[in-house]
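Hi,

Here is the structure I said I would pass on. Have a look at it first, and my notes come after.

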Amino acid sequence: MTNLVSYNIQYGTGRDRRVDIDRIVGEIGDADIVAMQEVDRFWTRSGMCDQAQAIAERMPEHHWVYGPGIDLDASIRDADGRLHNRRRQFGNMLLSRYPILSSRNHLLPKHGLVTQVSMQRAALDAVIACPGGPVRIASVHLAHSSPAERLAQVQRLRELQREAAYDGGVLSGTGPNWREAGLPTPMPRDSILLGDFNMTPDDPAYTAMAGPDDPNYGRVTTFDGYLDAWLHAGGAPDGGHTRFEETRIRRIDYAFVSPGLADRVRGVRVDEVADGSDHQPLWLDIDL
């Protein structure tokens with residue numbers, strides 16, 4: 001059985017408002033596959049730390065990839081005037097005990113809002129060589145301000161799932177200049193989406209992802225859609241909360257699995273004790 005965890009780490013800022021990457025790693029470091037959101041690189045709020053590199057150094061037995069949504073200039077010149085190119089980034093990360101064969105960072109639809117913060121969101125989609133064969137696993141972060149923007153992003157995720165059946169992945173076909181061991185990489189149809197979707201189950205974007213709720217038959221999921229692993233594993237419809245606020249609690253972090261993986265789900269749980277972020281880690285146990 002493979003243990004996966006999704007964790008929006010809020011750039012390592014815990015309930016005590018202290019930034020602590022060691023605490024984050026301590027809460028999820030024994031997972032086989034980790035999907036993180038809100039990972040900083042070179043922001044003042046997180047001590048100008050390259051958090052992706054810092055996390056990777058603390059998890060040396062995990063392969064890793066990083067995909068920014070926000071990418072800005074943070075270059076500096078040293079005392080001798082030499083340029084040090086740096087990018088101020090904010091995005092998603094995947095770490096895996098198993099090789100990450102390939103990855104793609106999909107920038108999701110963005111709406112230009114006027115009075116609310118609107119940031120570029122992304123889905124970092126990787127092909128991971130799991131023990132039973134390659135699986136696509138993505139770390140996802142959707143819009144928080146605009147329901148219309150979030151719905152467009154979910155629709156794009158569904159499109160990506162359909163496209164995976166025929167687009168060939170990061171490299172396909174043959175050519176004399178592209179012959180390396182293990183190429184071309186596979187592009188499996190089986191897929192898991194982990195992340196902060198910023199939607200509750202009553203959001204139209206949730207229905208677009210998981211299918212409409214029929215009073216007689218429950219969620220009606222198509223083969224190009226996804227199942228909500230929390231519900232599929234028997235979780236209470238009014239449970240699974242991952243965001244605890246003074247005024248309310250919400251279920252906004254999810255593990256969605258494609259139908260071909262549904263029978264392999266063994267359990268989903270929320271770590272309600274972790275205090276390294278303003279979200280709680282969501283764990284998925286699945287045979288991969």
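Some ground rules first. This is a predicted model, so local features need pLDDT of at least 70 and side-chain atom pairs count only at pLDDT 80 or more, while totals for chains, interfaces and linings use all residues. Residues are numbered from 1 along each chain as its sequence is written, and side-chain values use heavy atoms, with hydrogens and water left out.

Helices (H or I, at least four residues) and strands (E, at least two) are DSSP runs, numbered from the N terminus. Two strands are called paired if DSSP finds at least two bridges between them.

For angles, axes are lines fitted to C-alpha atoms (for helices, over the stretch in contact), and values run from 0 to 180 degrees between N-to-C directions.

Going through the pairs:

- S8 and S9 run antiparallel and are joined by 8 bridges. A hairpin of 2 residues links S8 to S9, and Val 127 stands opposite Arg 136 in S9.
- S9 and S10 are parallel, over 6 bridges. Ser 139 has Leu 194 in S10 as its bridge partner, and Ile 137 has Ile 192 in S10.
- S10 and S16 are antiparallel, with 5 bridges. Ile 192 turns up here too, opposite Val 257 in S16.
- S13 and S16 (residues 253-257) pair in the antiparallel sense over 2 bridges. Val 257 in S16 is also opposite Leu 227.

How covered are S9 and S10? In S9, 7 of the 9 residues are buried, so that strand is largely enclosed by the rest of the structure. S10 is mostly covered, with 6 of its 6 residues buried. Buried means under 20% relative accessible area, exposed over 50%, and partly exposed in between (1.4 Å probe, protein chains only).

**Another sheet, S3 to S17**

There is also an open sheet of 6 strands in the order S3-S6-S2-S1-S18-S17, again with mixed pairing. S3 (63-73) and S17 (265-270) are the edge strands, each pairing on one side only. From one strand to the next, the twist averages 15°. S17 and S18 run antiparallel with 5 bridges, and Arg 269 has Trp 283 in S18 as its bridge partner.

Two helices go with this sheet. H1 lies across S1, S2 and S18, at about 150° to S1. H2 lies across S2, S3 and S6 (87-96), at about 145° to S2.

H1 (residues 21-28) is mostly covered, with 6 of its 8 residues buried. Those are Ile 21, Arg 23, Ile 24, Val 25, Glu 27 and Ile 28. Their cover includes S1 (2-8), S2 (33-41), H2 (51-58) and S18 (282-286).

**The largest pocket**

The largest pocket has a volume of about 330 Å³. Of the 19 residues that line it, the closest to its centre are Glu 38, Phe 90, Met 119, Arg 121 and His 141. By class, the lining has 6 nonpolar, 6 polar and 7 charged residues.

You will want the definitions. On a 1 Å grid over the protein atoms alone, a pocket is an open set of points with protein on both sides within 12 Å along at least five of seven lines, and lining residues have an atom within 4 Å of a point. Grid points are joined across faces, edges and corners, and the volume is the space filled by probe spheres (1.4 Å) set on the points. Ala, Val, Leu, Ile, Met, Phe, Trp, Tyr, Cys and Pro count as nonpolar, Asp, Glu, Lys and Arg as charged, and the others, Gly among them, as polar.

**A loop residue**

Ile 252 sits in the loop between S15 (249-250) and S16. At 1% relative accessibility, Ile 252 counts as buried. Leaving out residues up to four places away in sequence, Ile 252 touches Gly 195, Asp 196, Phe 197, Asn 198, Met 199, Thr 200, Thr 242, Arg 243 and His 279.

Cheers

Technical notes: Contact means heavy atoms within 4.5 Å.
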